[in-house]
Amino acid sequence: MIVVIYTLMGNNPLDLLGGAASQGPAAQGSSLEHCLTGADANERDDCLVQATVESADSLWERLGPEAGIDFVVAQGVIFDQSVQTGCGAATSDIGPFYCPADMTLYVDVSFFDALSSQYGADDGQLAKMYVVAHEYGHHIQHLDGTMQAADRTRTGPQSDGVRLELQADCYAGVWAHHAANTTDENGNAMLMPLSSADIASALSAASAVGDDHIQREVADGPVRPETWTHGSSEQRAAWFTTGYEQGTVAACDTFSVPEV
Ligand SMILES: [Zn+2]
């Protein structure tokens, strides 16, 4: 059995991992007990990931059922270099990813350095939080069946695979739209209202992981749209913006529009 995992980027050879879903989760990530406050999230990337997952939990607990989704929260695991997952073994080379078999987001926070230094995103907090919110979008797609229904045999700018990724970008935008209204278990607001600089950071990250940008600027090779799995910089930034401006699940129906 092949279990597919869902990544932030398409430029990796490990997109298809062997492994039985029945292996279940193997949460071997580091303990996050030191992540207690907003200040911790501002200072430490592992705490920032946890805070973003919790913020997304809070949002989708509300939006998911409204959209007819039988919602359960996603798990988040921080790992260093390699990790065992319900989708098989994975290494950091693959970038942050979501494994549907154990409904868990896996992040090696060293990716965030590469995101700015190698891929060219700015180094704002929202660039990192976009990454987490995108992976959380895949969790929503898993819960509502969109992921299972997509035809992943094709690539290219209008393929189902790209539409799936752009929808995850749009859901990241939906999270950003509502982020300041997400609350922790005690009902306290988790995030300050986002500034235009924050949104610029998120857009810089969405653009940085566009297939054309990776092919041309990071891999220093030709741009080959027929191979795209995640969408161009322009597509990714545009769908994040749609989600951010509209703030609704319905705005993110990338499968019903003729062109994405
Ligand atoms: Zn993705």
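Cys35 and Cys47 are both buried, where buried denotes under 20% relative accessible area with a 1.4 Å probe, protein chains only. The model is predicted, with pLDDT of at least 70 needed for local features and 80 or more for side-chain atom pairs, while totals for chains, interfaces and linings use all residues. Residues are numbered from 1 along each chain as its sequence is written, and side-chain values use heavy atoms, without hydrogens and water.

Cys35 and Cys47 form a disulfide with sulfur atoms 2.1 Å apart; a disulfide is a pair of cysteine sulfur atoms within 2.5 Å. The torsion about its S-S bond is about -80 degrees, so this disulfide is left-handed. Because Cys35 lies in the loop between β3 (16-18) and α1 (38-43) and Cys47 in helix α2 (residues 45-66), the pair ties together parts 12 residues apart in sequence. Helices (H or I, at least four residues) and strands (E, at least two) are DSSP runs numbered from the N terminus.

The structure holds 3 disulfides. In the link of Cys170 and Cys252, the angle about the S-S bond is -75 degrees, and the link is left-handed. Cys170 belongs to helix α6 (residues 160-178) and Cys252 to the segment after α9 (233-246), 82 residues apart.

The zinc ion has Thr7 (O), His134 (NE2), His138 (NE2) and Glu165 (OE) as protein donors, 2.0 to 2.2 Å from it. Donors are N, O and S atoms within 2.8 Å of the metal (3.2 Å for Na, K and Ca). His134 and His138 are 4 residues apart in helix α4 (residues 125-144), and therefore about one helical turn separates them. Both His134 and His138 are buried.

Key: Buried means under 20% relative accessible area, exposed over 50%, partly exposed in between (1.4 Å probe, protein chains only).
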